[in-house]
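Subject: Model for your files, with notes on salt bridges

Hello,

Here is the structure I said I would pass on. My notes on its charged side chains follow below it.

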Amino acid sequence: MALRSDFPAGVVLALFVFISASFIPCEARVRRHFWPKHTLANGSAEELWFTQRLDHFNGADSRIWKQRYFVNDTFFRSDGPVFLMIGGEGPANPAWMQFGSWLTYAQKLGALCLMLEHRFYGKSHPTEDMSTLNLQYLSSLQALADLAHFRVVMADSHGLADRKWVAFGGSYPGSLAAWFRLKYPHLVHAAVATSAPVHAVVNFPEYLEVVHRSLAAESLDCPLLVQKASDTLLERLKDPKTYDNITKDFGLCEKLQIQSDKDSAYFLETLAGNFMDVVQYNQDNREFEGAIGTNITIQVLCGVMSDASLGQPYDRYAAVARLMLQTFSQKCLDASYANYLRDMRNASWSSPASGGRQWVYQTCTEFGFYQSTDSPNQPFGGFPLPYHVQQCADIYDPSLTLDSITTAAQQTNERYGGYDIRTSRIVFPNGSIDPWHALGITRDLSDDLPAIFIQGTAHCANMYPAWDKDLPQLSLARDHVFLLLHKWLTQ
């Protein structure tokens, strides 16, 4: 239900700028004038802390907290811009301060690179816990105000007020990058909004439609085989006598128990998630982040689904589930909705669902984004919109209903513009395989709001380090981003 694998993996992403001018090192005296050195001798980034207000929109509330951020000043020149990488729905990964295309661009431009962790994620804890009462301070509006305050204080305290700032982000942070430029144009000069779902919508069956097309691009039979397997499983779930075999086939941690539609929906969504996650990040160069399972691609999954020696499509579907358990070193699959609710209701920062609890709250109060099976043009079944909506009430508050979530999504689009965002100097890269491109900008809105639609690539692909497996169009997309930002930074 999250930006799949964004809340599970907590990926924090960003984009970048490149210029063809040669790198000219500055004297240490000039560097210290702008920024004290915070890149450690081994190249890693020091963990730093910034004082933020809890509520930016209530002057009477003086509560403050510490927000985590990182700095890479290795390439910083006195005439260079400032790159601000926006954190998202997971811990800020300091690996991005050592790897990624943006550092190549920073070296060419002499840029200072900053990464700010999103409130309520990672180690940035504004409140004592994640109670529903405290989560009222978790929103895109508060996050944007965090960015604005961070930018102003950093610029004033480190002599960066006359530098051009560029916001970078991918996925939900990509939306934040675009909205930061929209809402605070006096603070940020340009933005790169990669794989950004800028349009809020409650029911998002198009996600699975793109999954279908992405599987079909590998093999026309692949989504059909997945659908046969899913249909078979749905039929077997009607008969409790099959539950022992299903438990064994899919390696469940405990005997399958279906006492409500939510139980079956959670089980079916968990299995479909094996395909959804692989499609979303297919062949992205993510190993430097510590990502596991990058060797499992669409080709691998479709290979399993087409292997008749494994049995019927149902048996192959189960083989995929076991493959994923093995890949992630999991002894068994927890498919219990009751266990899921138990973890999601845990409001402590040490909760096993930390990251997920916060993100699902944001979907319930701002975005929707529910990846339902309500479209006939996709291969899965059994987890319709009401199942997703009910989670909001089950986890947080019974007052969270379809009507309230619909209103919240409408307000988000009214606030930021949705598909019709009106501003300038934002580029929107998206990959054709990535299911989130359905909620993004895939065609130019204007000369200053261009889109880059990259055929054959997945979620945030252009943000990862280049490698020899990159498609030619992906390399061209990175170059296109450079040309745009080079132009904008000279304006």
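Which residue forms a salt bridge with Asp 79, and how far apart are the closest N and O atoms? The partner is Arg 77, and the closest N and O atoms of the pair are 3.1 Å apart. Arg 77 has a relative accessibility of 10%, so this residue counts as buried, the cut-off being under 20%.

Please keep in mind that this is a predicted model. In general, side chains of opposite charge can pair when their charged atoms come close. The count of salt bridges in this model comes to 13.

Glu 235 and Lys 238 meet through their side chains in a salt bridge, at 3.3 Å from N to O. Lys 238 is exposed, its relative accessible area being 63%.

The other pair is Lys 262 with Asp 394, a salt bridge whose closest N and O atoms lie 3.0 Å apart. Asp 394 is buried, at 15% relative accessible area, whereas Lys 262 is partly exposed, at 26%.

Finally, there is a network of salt bridges that links four residues: Glu 47, Arg 68, Glu 117 and Lys 123.

Regards

Definitions and conventions
Residues numbered from 1 in each chain as written. Predicted model: local features only at pLDDT ≥ 70, side-chain atom pairs only at ≥ 80, totals over all residues. Heavy atoms only, no water. Buried < 20%, exposed > 50% of the residue type's maximum accessible area, 1.4 Å probe, protein only.
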